[in-house]
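These are my notes from a first look through one structure.

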Amino acid sequence: MQSDIKTLAEEAGEIALRHFKELSPNAVETKGHLDLVTAADREVEHFLTERLHALYPDDGIFGEEGAAIAGRSGRTWVIDPIDGTFNFVRGGDQWAISIGLFENRQPRFGVVNAPVRRQMLVGGDGVAPTMNGALLGRGPRFDLKRGCIGVGLHPAVSPADQHAVLNFIMAQRMAFRCCGSSTISLIELALGHVDGYIGLGEASWDVMACLPILSALGIDNTVDWRSAKLDEKLRYAAGSPAFLALLEPELLMADA
């Protein structure tokens, strides 16, 4: 399985890169405020859906751009063809292809390909996490005096909730990064470039591949997958136990 999914991610990256180098304004559509979709998103998702269904015909498939195949095995492949489409459209390198396996109500395995950055992450239950084939090690211990946090705030999240996150960061006097791609932010967490991540208004396809990789590195998250649905928006944090202990529960709750 690991080899098959890695190959799919590599081939999907080649499709996306072809579009990236030849992107036409006519290939970009608006789904919502600061929410874009391109012909590349649709072609990559179609490619992944067909290939995954051929490889694992009993498994379900759930994708950002509408892929929805009910499975019989209890496993579902959750895919984001291009996470960070806004960056993709503007010619940035902060976007990635994400393929995650959801099984027994938990993220179990993931492959992420950030082709412009030449980063391929693989890992999960029983699969040691790697970057471009090299084993990933644990990041540095959390030190608030050097603390840095990744942030993802969906435009649909209320200004009050966004302000609460930023106020928390400033109160803790931490540095922060906001790159416009959940997947890239979680890669940075896996590499130890940041100590934690807070995401408000994110989707299952934004996180399904990275979370099992992070878990294999000993990085926890606050998502309760026993109750969370694949089509709902998530409000969560990820990081070491020491980082997560800083958070007040209200920070991840919707503003009333």
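Are Phe-20 and Trp-95 buried or exposed? Both Phe-20 and Trp-95 are buried. I note here that the model is a predicted one.

**Entry: aromatic pairs**

I looked up the count of aromatic pairs, and it comes to eight. One of them joins Phe-20 and Trp-95, with ring centres 5.4 Å apart. Their planes stand at 50°, so I put the pair down as tilted. The two residues come from distant parts of the chain, 75 residues apart. I found Phe-20 in helix H1 (residues 2–21). Trp-95 is in the loop between helix H3 (85–89) and strand E6 (96–103). I also listed the cluster to which these two belong: Phe-20, Phe-88 and Trp-95 form one aromatic cluster.

**Entry: Tyr-56 and its neighbours**

Next I took the pair of Tyr-56 and Trp-77, which is stacked. I wrote down 5.4 Å from centre to centre and 25° between the planes. Tyr-56 lies in the loop between helix H2 (39–55) and strand E3 (60–63), and Trp-77 lies in strand E5 (residues 75–83), so the pair ties together parts that are 21 residues apart in sequence.

I then checked accessibility. Tyr-56 has 14% relative accessibility and counts as buried, because the cut-off is under 20%. Trp-77 is buried too, with a relative accessible area of 0%.

What sits over the ring of Tyr-56? I found the charged end of Arg-75 there, 5.5 Å from the ring centre.

**Entry: the second largest pocket**

I looked up the second largest pocket and noted about 280 Å³ of space in it. Its lining has 15 residues. Those nearest the pocket centre are Gly-139, Pro-140, Arg-141, Ile-219 and Ser-240. Sorted by class, the lining of this pocket has seven nonpolar, five polar and three charged residues.

**Entry: cysteines**

How many disulfides does the structure hold? I found zero. Cys-178 is in no disulfide, and the nearest cysteine sulfur to its own is that of Cys-179, 6.9 Å away. Cys-179 is likewise in no disulfide, its nearest cysteine sulfur being that of Cys-178.

I looked up accessibility for both. Cys-178 is at 54% relative accessibility and counts as exposed, whereas Cys-179, at 11%, counts as buried.

Notes
Residues are numbered from 1 along each chain as its sequence is written. This is a predicted model: local features need pLDDT of at least 70, side-chain atom pairs count only at pLDDT 80 or more; totals for chains, interfaces and linings use all residues. Side-chain values use heavy atoms; hydrogens and water are left out. Rings of Phe, Tyr and Trp (its six-membered ring) pair if their centres lie within 6.5 Å; planes under 30 degrees apart count as stacked, over 60 as edge-to-face and the rest as tilted. Helices (H or I, at least four residues) and strands (E, at least two) are DSSP runs, numbered from the N terminus. Buried means under 20% relative accessible area, exposed over 50%, partly exposed in between (1.4 Å probe, protein chains only). A charge sits over a ring if NZ of Lys or CZ of Arg is within 6 Å of the ring centre and within 35 degrees of the ring normal. On a 1 Å grid over the protein atoms alone, a cavity is a set of points where a 1.4 Å probe fits but cannot get out, and a pocket is an open set with protein on both sides within 12 Å along at least five of seven lines; lining residues have an atom within 4 Å of a point. Grid points are joined across faces, edges and corners, and a volume is the space filled by probe spheres set on the points. Ala, Val, Leu, Ile, Met, Phe, Trp, Tyr, Cys and Pro count as nonpolar, Asp, Glu, Lys and Arg as charged, and the others, Gly among them, as polar. A disulfide is a pair of cysteine sulfur atoms within 2.5 Å.
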